[in-house]
Amino acid sequence: MAVIEAAAALLAWSGAAVIVLSDGRRGLALGLGLLTVGLAALEWGDWLAVIAIFGGGTLAAWRRLRSGRPGWGLMPPGSTPRMVLCVAAGLVALWVAVSVTTGPGVAVRFATLTVIGLMTARVLAGSHTTVVLTAVSALALAMAAATGLGAMTPGPAPFIIGALIAAGVTVVPLTEPRAA
């Protein structure tokens, strides 16, 4: 089971990395889809959490695939700092999840730390509406998944709210900044 959790956490990190490294709608949708599958697999014990995260993330990825800048937009010129950010965030989150914090759920801690960190950076550095809205959708899914790390069982509310935010953000009208 630990191997599956590690693979799911790696999938969530790779989805977040694809979102950070892409500007086109296909790349953003792919990243959101990978991230959704990874986070949903980490919540496998709670079927309502899996349905909420998978449903909200899938709807958000499908909506992102249909709107935004055309193409993949993977690794545009000048994206080396973004690549360094993805690798460094993954290493720092792995260190925190494995050695700094204690208790079960190492894979969930790693996945949520990397996704929250990378998506926060993408929101702050994003200049296009589609990129920022995709990062907000992923951030909502990761924060919902992180609620299960506490000592108390959160119930279905955080997962449903996270899925609704992830899917609801995709209906925001797109307005791109005009070139000066």
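**Helix packing in a predicted model**

Helices α2 and α6 run roughly parallel to each other (a label for angles under 35 degrees, with over 145 called roughly antiparallel, 65 to 115 roughly perpendicular and the rest oblique). Their axes come within 11 Å and cross at roughly 0°. Axes here are lines fitted to C-alpha atoms, for helices over the stretch in contact, and angles run from 0 to 180 degrees between N-to-C directions. Helices themselves are DSSP runs (H or I, at least four residues; strands are E, at least two), numbered from the N terminus. The structure is a predicted model, in which local features need pLDDT of at least 70 and side-chain atom pairs count only at pLDDT 80 or more, while totals for chains, interfaces and linings use all residues. Residues are numbered from 1 along each chain as its sequence is written, and side-chain values use heavy atoms, with hydrogens and water left out.

Which residues bring α2 and α6 into contact? On the α2 side they are L28, L32, L35, T36 and L39, and on the α6 side T130, V131, T134, S137, A138, L141, A142 and A145. Contact means heavy atoms within 4.5 Å. Sorted by class, this contact has nine nonpolar, four polar and no charged residues. In this scheme Ala, Val, Leu, Ile, Met, Phe, Trp, Tyr, Cys and Pro count as nonpolar, Asp, Glu, Lys and Arg as charged, and the others, Gly among them, as polar.

Helix α6 covers residues 129-146, has 18 residues and reaches 26 Å from its first C-alpha to its last, close to the 26 Å expected at 1.5 Å a residue. The expected span is 1.5 Å times one less than the number of residues. Of the 18 residues of α6, 14 are buried, so this helix is largely enclosed by the rest of the structure. Buried means under 20% relative accessible area, exposed over 50%, and partly exposed in between (1.4 Å probe, protein chains only).

Helix α3 has 20 residues and reaches 28 Å from first C-alpha to last, close to the expected 28 Å. Its buried residues are A49, V50, A52, I53, G56, G57, A60, A61 and R64, and what covers them includes α2 (25-42), α6 and α7 (157-168). G57, which lies in α3 (residues 47-66), has 0% relative accessibility and counts as buried. What does G57 touch beyond its neighbours within four places in sequence? Its contacts are L32, T36 and L141. G57 and A29 are 28 residues apart in sequence and 9.7 Å apart in space, C-alpha to C-alpha.

α3 is followed by G68, whose phi is positive, near 120°. M75, placed in the loop between α3 and α4, has a phi near 50°, a positive value in a residue other than glycine. Most residues other than glycine have a negative phi. M75 is partly exposed, with a relative accessible area of 41%.

Helices α1 and α4 show another arrangement. The axes of α1 (residues 2-21) and α4 (residues 80-100) come within 9 Å and cross at roughly 160°, and these helices are therefore roughly antiparallel to each other. W13, A17, V20 and L21 of α1 make the contact with R82, M83, L85, C86 and G90 of α4. This contact has seven nonpolar, one polar and one charged residues.

The buried residues of α1 are A8, A9, A12, G15, A16, A17, V18, I19, V20 and L21, and their cover includes α2, α4, α5 and α6. Leaving aside its neighbours within four places in sequence, R122 is in contact with I19, V20, S22, D23, R82, V131 and A135.
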